[in-house]
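Here's a quick briefing for anyone meeting this structure for the first time. Take a look, then read on.

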Amino acid sequence: MSDPQPEAAPGGGGVTISDSVVAKVAFKAIGGIEGIHALGGTSARALAGLRGDKGTPGISVDLREGSVDIDVTMSIVFGANVPTVAEACRKAVSEQVTAATGLPVRAVNVLVTDVVFPEDQAGGAG
């Protein structure tokens, strides 16, 4: 009896959710996960800039047939357990996107492209 699809408005209208809304929700969901250094990589940030996705680097969304696939590209902090971070990311993104949009999340693919060592995080190369 519980239908996960949003119901149509009484006047026959509907709701369309853009990729950028889904990407922003996913970006926010990942914010508190320990072990993530940054989203995106150098090439991912450049591609996001070309596409105009400046607010959600490292997040790519594919909406089709009423469900969504989300790709997350990130660098992690040295010492973090990659499978644990990836699973936390998948769970948070899936739950938040579904809760905020009503869209079922078919897949959250996590790509770890870099590891950042403590000495790299200190900043200032001289």
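Glu65 sits in the loop between β2 and β3 (strands are DSSP runs of E with at least two residues, helices runs of H or I with at least four, numbered from the N terminus). This is a predicted model, where local features need pLDDT of at least 70, side-chain atom pairs count only at pLDDT 80 or more, and totals for chains, interfaces and linings use all residues. Residues are numbered from 1 along each chain as its sequence is written, and side-chain values use heavy atoms, with hydrogens and water left out.

**The loop residue**
- Glu65 isn't a glycine, yet its phi is positive, at about 50°.
- With 80% relative accessibility, Glu65 counts as exposed (over 50% relative accessible area; buried is under 20%, partly exposed in between, with a 1.4 Å probe and protein chains only).

- On the buried list for α1 are Val22, Ala23, Val25, Ala26, Ala29 and Ile30.
- Those buried residues fall within an arc of 165° seen down the axis of α1, so they line one face of the helix (the arc is that of directions from the helix axis to the C-beta atoms).
- Exposed Lys24 and Lys28 are on the face of α1 turned away from its buried side.

**α1 against α3**
- The axes of α1 and α3 come within 8 Å and cross at roughly 135° (axes are lines fitted to C-alpha atoms, for helices over the stretch in contact, meaning heavy atoms within 4.5 Å; angles run from 0 to 180 degrees between N-to-C directions).
- Residues making this contact include Val22 and Val25 of α1, and Cys89 and Ala92 of α3.
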